[in-house]
Amino acid sequence: MKPHYKYTLDNRRPTRTFACPQCGKKSFKRYVVIESDVFIGDQIGRCNREINCGYHYPPAQYFRDRPTLEVGNSLYRAFPTSNIQTNQFDTFSTIPLNVFERSLAKYPENKFACFLSDLFASEIRDNLIRRFKIGTSRLWPGASVFWQVDILGNIRTGKVMLFDRISGKRVKKPFSHINWVHSVLKTPDFRLRQCLFGEHQLAGFPDQKTIAIVESEKTAILMSAILPDYTWLATGGLHNLNPEIFASVKRYNILLFPDLGGFHIWQKKADELKKAGFEVSISDLLERYAQPEDISAGFDLADYFIRREEGFGWAMREEGYPVFWDGKH
């Protein structure tokens with residue numbers, strides 16, 4: 001059943017704009033339901049920077065992309081806080097919108113955000129924070145929240161992690177600093193159904209654009225600035241490659257970049273995805289060029305671009321400067 005709602009751009013509030021999903025500038029007007037004046041999905045709208053950006057994802061295109069979407073889906077309920085059901089086999093819980101929004105602050109205290117400041121110009125850093133909706137948590141001083149927001153805007157959960165301010169490595173001593181937002185909130189009867197980290201980027205993106213998938217959220221964020229020709233997503237774990245969590249990317253060409261030591265596991269998973277109808281290939285780049293010490297350290301793709309041990313240096317452009325200097329002051 002097709003939705004019968006009518007929509008319009010939110011032009012009655014001309015000064016109210018949002019960060020554009022594509023360029024990151026605060027020049028994005030969202031669509032509202034005319035009858036209720038309620039915003040619909042946060043990716044559905046138009047960027048006012050028509051020449052420099054040109055992003056436009058209207059409701060009509062959204063529904064053409066999702067012909068089976070039914071009235072009552074989360075799109076109209078603006079980040080539901082209770083269990084929702086898209087079909088009889090797919091029930092999951094979500095995180096309240098106010099919890100999510102409160103985390104989008106205090107970046108000077110956020111150690112991962114500070115680490116990004118060392119790598120990239122402030123404009124690039126800020127765009128990455130907005131694009132991936134990186135949050136800040138009080139669970140540990142300086143901790144980050146990597147929110148799992150699906151293609152419909154549902155906040156499935158968030159992963160809380162603490163990173164070292166200088167190295168960008170996750171803090172694992174005296175214990176592994178990692179937790180889930182729903183666990184921290186002690187939400188009763190929470191039904192977790194994960195999605196790919198960064199999945200919300202796919203709303204409005206063309207089918208022909210290649211999706212690059214890595215294991216860690218950190219790698220997806222860094223690679224989005226280093227190799228922006230791909231749309232970067234993360235599984236959040238070595239064993240999270242399965243048709244269920246990959247459902248949102250089935251219409252894309254998918255390129256997998258496993259961490260060192262994970263190639264054979266992901267190769268088997270890739271074969272399973274192919275049998276399920278996915279267009280997927282896997283890169284063995286790291287396996288072919290890795291040094292023994294890199295293998296033992298479990299390097300991932302981003303590690304090679306930001307590595308700075310003595311005798312190695314930074315990954316360099318042909319022009320003779322580090323890749324992350326693009327746009328630096």
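Let's begin in the loop between α5 (181-184) and β13 (211-214), where K186 is found. Please keep in mind that this is a predicted model.

**Backbone details in loops**

- K186 is not a glycine, yet its phi is positive, at about 55°.
- With a relative accessibility of 72%, K186 counts as exposed.
- The loop between α5 and β13 also holds D189, another residue other than glycine with a positive phi, in this case near 55°.
- D189 is exposed too, and its relative accessible area is 75%.
- As background, a negative phi is what most residues other than glycine have, and most peptide bonds are trans.
- For a peptide bond that is cis, look at the link between K173 and P174, where omega is about 0°.
- You will find P174 in the loop between β11 (155-161) and β12 (178-180).

- Helix α3 spans residues 111-119, and its buried residues are F112, A113, C114, F115, L116 and L119.
- Where α3 starts, N110 has a side-chain oxygen that comes to within 3.0 Å of the backbone nitrogen of F112.

**How the helices pack**

- A pair of packed helices is described by two things: the angle between the axes and the distance between them.
- For α3 and α4, the angle is about 145° and the axes are 8 Å apart.
- This crossing of α3 and α4 is right-handed.
- On the α3 side of the contact are A113, L116 and S117, which meet R125, L128 and I129 of α4.
- Sorted by type, the residues in the contact of α3 with α4 are 4 nonpolar, 1 polar and 1 charged.
- Helix α4 also packs with α6: their axes cross at roughly 135° and come within 10 Å.
- At that angle, α4 is oblique to α6.
- The α4 and α6 crossing is right-handed.
- Here I124, L128 and R131 of α4 meet I221, S224 and A225 of α6.
- The contact of α4 with α6 likewise brings together 4 nonpolar residues, 1 polar and 1 charged.

- Is T235 buried or exposed? T235 is buried, because its relative accessible area is 1%, below the 20% cut-off.
- T235 sits in the loop between β14 (231-234) and β15 (253-256).
- Beyond its neighbours within four places in sequence, T235 is in contact with L196, I213, V214, E215, N240, L241, F246 and W266.
- P58 has its place in the loop between β6 (56-57) and α1 (59-65).
- P58 is partly exposed, with a relative accessible area of 21%.
- Setting aside neighbours within four places in sequence, P58 is in contact with Y31 and I44.
- Between P58 and T8 there are 50 residues in sequence, and their C-alpha atoms are 9.2 Å apart in space.

Technical notes
Residues are numbered from 1 along each chain as its sequence is written. This is a predicted model: local features need pLDDT of at least 70, side-chain atom pairs count only at pLDDT 80 or more; totals for chains, interfaces and linings use all residues. Side-chain values use heavy atoms; hydrogens and water are left out. Buried means under 20% relative accessible area, exposed over 50%, partly exposed in between (1.4 Å probe, protein chains only). Helices (H or I, at least four residues) and strands (E, at least two) are DSSP runs, numbered from the N terminus. A polar contact is a pair of N or O atoms within 3.5 Å; within protein, one must be able to donate a hydrogen and the other to accept it, and residues adjacent in sequence count only if both atoms are side-chain atoms. Axes are lines fitted to C-alpha atoms, for helices over the stretch in contact, and angles run from 0 to 180 degrees between N-to-C directions. Angles under 35 degrees count as roughly parallel, over 145 as roughly antiparallel, 65 to 115 as roughly perpendicular and the rest as oblique. A crossing is left-handed if the near helix is turned anticlockwise from the far one by less than a right angle, and right-handed if clockwise. Contact means heavy atoms within 4.5 Å. Ala, Val, Leu, Ile, Met, Phe, Trp, Tyr, Cys and Pro count as nonpolar, Asp, Glu, Lys and Arg as charged, and the others, Gly among them, as polar.
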